[in-house]
Amino acid sequence: MTQSNFKSSTLIKVALYEPDIPQNTAAIVRLCACFGVRLDIIEPCGFFLSDKRFKRVAMDYINICKVKSFKDFTEFKKDKKNERIILMTTKAKRKYFDFKFNQNDTLLFGRESAGVSQLVHKSVDYKLTIPIQKEARSLNIVSSVAITLTEALKQNHYL
């Protein structure tokens, strides 16, 4: 992929709820770094950021990605009191491309192994899905972040 003249340092954010696969989180760090998007990580993580699998994929992108950690979902939610949290889930009916993203939205993605808790599901106002074939369970989280993030950036004229 080549560099383009898109606006970096967007207000749109990506959030990961208790991520448990270091390579996926690292690939999302790289994606967020390339698009100038802050990454919020809701703890606990299933790995340490010093994990060699994480470092191998994140490379030096961890130095240019803005990452903010939260000790739990309650702390994260307090930080978002004036922002919309959009949960991406296989349990939603509304499709991501039928939704109007705002410039200060946070795109929330669940843990690879278990998604998000019922508390999280109940506490967010917007739940969206990426339609896939009925025979398939779900996309890889990195693919889901890339698909949704580029749509949100495009809608808000960042791309």
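I call a residue buried under 20% relative accessible area, exposed over 50%, and partly exposed in between (1.4 Å probe, protein chains only). This is a predicted model: local features need pLDDT of at least 70, side-chain atom pairs count only at pLDDT 80 or more, and totals for chains, interfaces and linings use all residues. Residues are numbered from 1 along each chain as its sequence is written, and side-chain values use heavy atoms, with hydrogens and water left out.

**Entry: valine 145**

I looked up valine 145 at 0% relative accessibility, so I log valine 145 as buried. Valine 145 sits in helix α5; helices (H or I, at least four residues) and strands (E, at least two) are DSSP runs, numbered from the N terminus. I then listed its contacts (heavy atoms within 4.5 Å). Outside four places in sequence, valine 145 contacts Val14, Ile28, Leu31 and Phe109. I also checked tyrosine 17, 128 residues away along the chain: the C-alpha atoms of valine 145 and tyrosine 17 are 13 Å apart.

**Entry: α1 against α5**

Two packed helices are described by the angle between their axes and the distance between the axes. I took axes as lines fitted to C-alpha atoms, for helices over the stretch in contact, with angles from 0 to 180 degrees between N-to-C directions. The axes of α1 (residues 22–35) and α5 (residues 141–155) come within 9 Å and cross at roughly 20°. I therefore note α1 as roughly parallel to α5 (angles under 35 degrees; over 145 is roughly antiparallel, 65 to 115 roughly perpendicular, the rest oblique).

Which residues in α1 and α5 meet? From α1 I noted Asn24, Ala27, Ile28, Leu31 and Phe35; from α5, Ile141, Val142, Val145, Ala146, Leu149, Thr150 and Leu153.

**Entry: phenylalanine 54**

Phenylalanine 54 belongs to helix α2 (residues 52–58). Phenylalanine 54 is buried, at 3% relative accessibility. Beyond four places in sequence, phenylalanine 54 touches Pro22, Thr25, Ala26, Val29, Phe47, Leu49 and Ile62.

**Entry: aspartate 40**

Is aspartate 40 buried or exposed? I found aspartate 40 buried, with a relative accessible area of 0%. Aspartate 40 lies in strand β2 (residues 38–42).
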